[in-house]
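Hi,

Here's the structure I promised to pass on. My notes follow below it.

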Amino acid sequence: MTMKPHLLISVAVAGLFAGQASAAPLTSEDTDRLLERLTQLEQEVANLRSQLSNVEIEQQEQTKLVTATQQDVREVIVTTNQNKISWKGAPEIKSADGWSFKPRGRALIDFANLSAPNAINVPGEGFTNEARRIRLGVQGKIPGGFGYKIEADFADGVELTDAYLDYKANDLTIIVGQHNNFQSLEELSSSNDTSFIERSAFTDAFGFQRKVGISAAWAKGDILLQGGVFTDNIDDLSDGNDSIGLDGRVVFAPKIGPSQLHFGGSVHWRDLGDTITSVRYRQRPLVHTVDTRFINTGNISGATDEMSYGLEAAVISGRFHAAAEGHWNKVSRIAMPNPTFFGGSIEAGIFLTDDSREYKGGVFKGTKVKNPVGQGGSGAWQFNIRYDRLDLVDAGIIGGTQDGYMASIIWTPVNHVRFLVNYGHLNYGNALGIVGGAPNNYSVDVVGARAQVSF
C-alpha cells in the first residue's frame, strides 16, 4: 500500500515529537534542527512528486507511440494486401483494381576487331567499341483490358523505340502506336535474346524498324495471326511523309512431344508516297561498331513502292535449337527494271549445360538459367553456328553479295545477364568500288564481344 506524501510528513513529525516528549524539554537548538529536518523532508517530497509526474508523462508518450506504431503496421498490412510487388528483373507493382507498373531497360556494350585487305580503305578497321543500346522505359496494365509500353534508347541521342497503347480481350490483342510490324522471327525476337550479337544481315539491310500504326493479333492454340496498317518510324514522320504500308504474318507453332516447332510467313507492302523517291539497301559486317558497309546498293532512284515476303522455320528440342529464314524484297520503279533482293540465314545451336532456348508467342525468349552462378552453378553456356546470305544484285543494281560464316559462344551466368563472343568470316562478291580500293571479290574477318544486362 502507498501512503500520500503529507501523511508521511505527519508521521515523521509525530515521531519526532513523541521522541522528544519522553525526554527533556525542547531547546531552541532542537527546534531549529527539527525545522531544518522538516524543510529537507518537504524538498524530498517535492522531488518525488516531480519524478512521479515525469514517469506518468513518459508512460503516456509510450502509449501514444505504441498506438501509432500499431496503426502504421495495420496500414502496411492493408497496403500489402491491396498491392502486389513481384520481381521480374525489376520490381513490378500490381494493384487490386487492375493497374500495374514496371520499369524496364537494357544496356548492351559491344567490342569488336575487324581485319580487312590492306588495299581497302576501312576507317573502322582494328579495335572499336560502343554502347550498342541503352534503353529505359516503363510498361504496365490499365483496368479494362488496356496496357501501355514506352521505351527510348539513349545510346546515340534520344530515340523513341516502343510507344503504344494496347487492348486485350480473350485471344485478341489490338495495338495503337509505334511498334514492330511483324517482319520476321528474328527481328521480332528481342535483341536481349538473339543467338548472335547482330541479327541476320537482311533485317537491317531491308530497313526493318518500328513504325507508327494500328495492328491486331489473334492467337488460338498453335495458330497466331498478325496484321496491321503502318506509316513510318516516328522520327521520320512529317507533314510531307505520306507513306503507308500493310503488313501481315501467320505462325503455326505446334509441339510434338518435348519439341517446339515454328513455321511462319509474312507479307509486307509499302507505298513510299509522294516525297520518298529513292531507297537504299546496305549492311555492316556483323558488328555495329563499324560504320563501313561493304555491301551497298546506293540510292535506287524512281522507287514508288516496296513489296516483300518472308518464310520462317525453327525447332527447339531440349538443349538443341535450329532456325532458318528467307526474305525477298522487290522494289517497283517508274520506267525502269524492278529489282528483287534476297536475304536469309540458317543457324543451329546447342547448350553445353542443362538449359534450353525459350519460345513464346511466335518469338524466341530469354534463357531461364537452371543452375545460376551464386547458387553453386556455372550458369548457362551455349554454342551457335550460322550461315548468313545477303544478295543485293539484280536488274542492273550491283550492290554486292555477302556470305557470312559465323560462330558464337554465349554465357548467361544468371537471368537477365549475358556475355557473348562472336566470330565471322565474310566473303564479298560483285563488290568492285563499293568501298574505296575494294576489288570485285574479297573477304574480311571480324571478332565481336558483348556484355549486357536487361530488366
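Is Asp-236 buried, partly exposed or exposed? With a relative accessible area of 41%, Asp-236 is partly exposed (buried is under 20%, exposed over 50%, partly exposed in between, using a 1.4 Å probe and protein chains only). You'll find Asp-236 in the loop between strand 9 (223–230) and strand 10 (244–252); strands are DSSP runs of E, at least two residues, numbered from the N terminus.

Some background: this is a predicted model, where local features need pLDDT of at least 70 and side-chain atom pairs count only at pLDDT 80 or more, while totals for chains, interfaces and linings use all residues. Residues are numbered from 1 along each chain as its sequence is written, and side-chain values use heavy atoms, leaving out hydrogens and water.

Now the aromatics. There are 15 aromatic pairs (ring centres of Phe, Tyr or Trp, the last by its six-membered ring, within 6.5 Å; planes under 30 degrees apart are stacked, over 60 edge-to-face, the rest tilted). Phe-146 and Tyr-167 make a tilted one, at 5.0 Å centre to centre and 50° between the planes. Phe-146 sits in strand 5 (residues 146–153) and Tyr-167 in strand 6, so this pair ties together parts that are 21 residues apart in sequence.

Phe-202 and Phe-208 pair edge-to-face, because their planes are at 85°, with centres 6.0 Å apart. Phe-202 is buried at 1% relative accessible area, and Phe-208 is buried at 13%.

Cheers

Terms used
Helix = DSSP H or I, 4+ residues; strand = E, 2+ residues; numbered from the N terminus.
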